[in-house]
Amino acid sequence: MNLPVLHPGKRFTLPRPIGSADAVLLSQLAEREKAAGKLTAIVTADATDAQRLMDEMVFFAPGLRCVMFPDWETLPYDTFSPHQDLISERLATLWRIHHYGHQRQHPEAADVVLIPATTALYRLAPPSFLAGYTFEFKTKQKLDEAQLKSQLTLAGYNHVSQVVSPGEYAVRGGLIDLFPMGSPVPYRVDLFDDEIDSIRTFDPDSQRSLYPVPEVRLLPGREFPMDEAARARFRSRWRELLEGDPTKSRIYKDMGNGVATAGIEYYLPLFFEETATVFDYLDVAGSA
């Protein structure tokens, strides 16, 4: 089957291939677009189809760097939040397709992003939020411990006694344990006075240090901000857009106290003047 040449605003309809032939066809298409320096975005019917295609495309084209933008796996306005691992994966995917959109040779760049149709419908934080709340540091760099704690708290990280999950950090003397969102492993930062002496990964189960790394990047701990300005905007837009007495709402009162109530993710548009979709992130990447 000849692969269609994709053009903006032009639609191609093909009969669905049998079995895994769709993964073969999409792999060939993605390899062609990769050679042209473009990211391929594939919207699937559901999350199961996206996961199947991701597994099969990597099998048929091992050179493709495939990522999936996962769903929250919760129902709208549920009283519990998505799992931290899912939030971590979502933020990592958005960072890869946005930040490395024009850096196709970068090892962290993606060639294919798979998006379930229902996931693509949800509003997201604008790309400026991801850029503004992400920070990095490297070995031999000066680091103010108090300022780092403040940055981590502002970015939505939780202070714990032992780090085991993404979005957590712990401080023990001159050691700072971090589990950045979007990272597969946590890191241990060893300070010598106010300078970073070393950064090593560690096993969250045994807590043993593993191998050294030169730098660490920390994505936001949540998909929305929780600083004072953002909380004030949330409350103002709540009063503007929602009916009833806001003082009778637990979510409204918790936000005033700086508490992110479980399930707050579905109120994400109240944190921003303007929101985005996953396609706004893809625009920067020059996707096909």
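Tutor: A polar contact is a pair of N or O atoms within 3.5 Å; within protein, one must be able to donate a hydrogen and the other to accept it, and residues adjacent in sequence count only if both atoms are side-chain atoms. This is a predicted model, where local features need pLDDT of at least 70, side-chain atom pairs count only at pLDDT 80 or more, and totals for chains, interfaces and linings use all residues. Residues are numbered from 1 along each chain as its sequence is written, and side-chain values use heavy atoms, without hydrogens or water.

Student: What makes the pairing of threonine 261 with aspartate 254 a polar contact?

Tutor: Their side chains meet at 2.9 Å. The limit is 3.5 Å, so the pair counts.

Student: Why is threonine 261 called buried?

Tutor: Its relative accessibility is 5%. Buried means under 20% relative accessible area, exposed over 50%, partly exposed in between (1.4 Å probe, protein chains only). Therefore threonine 261 counts as buried.

Student: Which residues does threonine 261 touch, not counting residues up to four places away in sequence?

Tutor: Ser81, Arg250, Ile251 and Asp254. Contact means heavy atoms within 4.5 Å.

Student: What makes the span of helix H1 close to the expected one?

Tutor: Helices are DSSP runs (H or I, at least four residues), numbered from the N terminus. H1 covers residues 21-35, 15 residues in total. The expected span is 1.5 Å times one less than the number of residues. That gives 21 Å, and H1 reaches 21 Å from its first C-alpha to its last.

Student: Which residues of H1 are buried?

Tutor: Among them are Leu25, Leu29 and Glu33.

Note on methods: Helix = DSSP H or I, 4+ residues; strand = E, 2+ residues; numbered from the N terminus.
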